[in-house]
Amino acid sequence: MQTHEIVRRFTAHFENAGHTSVPSASLILEDPNLLFVNAGMVQFKPYFLGDVPAPYPRATSIQKCVRTPDIDEVGKTTRHATFFQMAGNFSFGDYFKRGAIEHAWSLVTGSPDEGGYGFDPERIWVTVFETDDEAIELWREIAGLPEERIQRRDGEDNYWDMGVPGPGGPCSEIYYDRGPEFGADGGPVVDEDRYLEIWNLVFMQDERGELSPKKGNPPIGTLPHKNIDTGMGVERVAFLLQGVDNVYETDLVRPVIAKAEEFSGKRYGSNTEDDIRFRVIADHARSGVMIVGDGVTPGNEGRGYVLRRLLRRIVRSARLLGITEPVLGAFAEVVRDAMSPTYPELASDFERISAVIRAEEETFLSTLSAGSRIFETAVEETKRAGGSTLPGDQAFALHDTYGFPIDLTLEMASEAGLSVDRDRFAELMGEQRTRAKADAATRKVGFVDASVYRAVLDTHGGTDFLGYQTLSSEAR
Ligand code: ATP
Ligand code: MG
Ligand code: MG
Ligand code: MG
């Protein structure tokens, strides 16, 4: 079943059940805690918080999502994309646990001839929050699930909140057992690769005080209106229904792998390391295009830095596959062709999108050719001296003089079998920051003349930006 059909069925299923279909929000919403929209509920937050009355009691959406914390998983797990589409259904004080479970179960296991996905009910497992006996009872009654396929999990996994006082509630997640060839028996609490999470149902029922129930304290009350927030991973369902091995091989992502095969002359599926690179390319090309499509340009901090890192990782991975010519324009075209039936603005705005992406590639290619030689020398020297750690001073010099981002140095060092003295690197960065502060006035003047300082900006890619790890907390 193609991705567009999976999406179509989701929307139809919930429209038939009285939900208003709401278009995806942009990836960029003004929210101080969020770099990118990372869940379907984000655009509905005011309704959940009760700040604004919901204009409809039930809604459904297919939301564009970017999850930067998953970047290091890409290509290595079967299931983590930096860009994916989250299909969701939402109830604002309308139906609650029973409705959420009934709606999800009937779509997941419903006959393909009648609009369902046709998953074998015998292979479905679910998790519930450890004290949520009500959810267990409903899963038994509605789905006829035996006790051993309903697993209890603690608050770290199965309790949702926003990390601040406000609504919260237990979750229940739906998993599909891919079979014993993919891992150990025992359900999702044992193995999340064999048992693939496809859908998360959040039962928003509690009012939370200062401390999270995750840390053991009970909620301070019950919400006057209980809400439902769910998220189903479209690419994960596609991965299962298309009989492929991971989300990167699904119909809308795989074409970029094919393009990279063409450029490199290598075949996907013949070498484990190369396969990871192919998957990184396909994933990042898609997220890169989608992020530029929503108006972000590469830069040194925040969203711009995330975008820069994604695009540069594509270039790096392509080089490791033996590709030396510029490729981002060609990859972007493939993404446009796959995604524009759903997001037509990618086609109408393509000239701009492509120009932004190609310019970043050009800048990075010149950075790379200068820095790589220095890096190789540093590696040789370290090895010749019998060391296994690249000195922090070298990493800093690469960053400071040649514009090598530290994550790139880390990645390349690890490929060369070396670690990096990160403490020393951090120390030097700290000293530089202090100097920069003292020199703030000069810097200000410098940044005004963008033509002169363009190269400086370009080569000092985002090294001061730590929010990458800290800002992009997941919505659930
Ligand atoms: P996982 O445990 O596999 O990382 P999650 O629990 O973080 O997933 P949720 O926050 O519950 O995911 O998001 C709802 C749904 O979105 C998941 O059930 C999954 O189907 C999908 N999803 C989450 N993260 C990704 C991702 N990085 N790539 C593709 N789909 C995802
Ligand atoms: Mg996750
Ligand atoms: Mg999970
Ligand atoms: Mg989940």
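Colleague: What should I know before looking at the numbers?

Modeller: The model is predicted, local features need pLDDT of at least 70, side-chain atom pairs count only at pLDDT 80 or more, and totals for chains, interfaces and linings use all residues. Residues are numbered from 1 along each chain as its sequence is written, chains are lettered from A and ligands numbered from 1 in the order in which they are written, and side-chain values use heavy atoms, with hydrogens and water left out.

Colleague: Where are domain 1 and domain 2 in the chain?

Modeller: Domain 1 covers 3-241 and domain 2 covers 252-470; the bounds come from an automatic or database domain assignment.

Colleague: How many residues of each are in contact?

Modeller: 23 residues of domain 1 are in contact with 23 residues of domain 2, where contact means heavy atoms within 4.5 Å.

Colleague: And what area is buried between domain 1 and domain 2?

Modeller: About 2000 Å², with 59% of that from carbon and sulfur atoms. Buried area is the accessible area (1.4 Å probe) that two parts lose on being put together, summed over both. Leu 35, Ile 71 and Phe 83 supply 28% of the area that domain 1 buries against domain 2, more than any other three residues.

Colleague: Switching topic, how many salt bridges cross the interface?

Modeller: The rule finds 4 between domain 1 and domain 2, a salt bridge being a side-chain nitrogen of Lys or Arg within 4 Å of a carboxyl oxygen of Asp or Glu.

Colleague: Which residue does Lys 64 form a salt bridge with?

Modeller: Asp 294, with the closest N and O atoms 3.2 Å apart.
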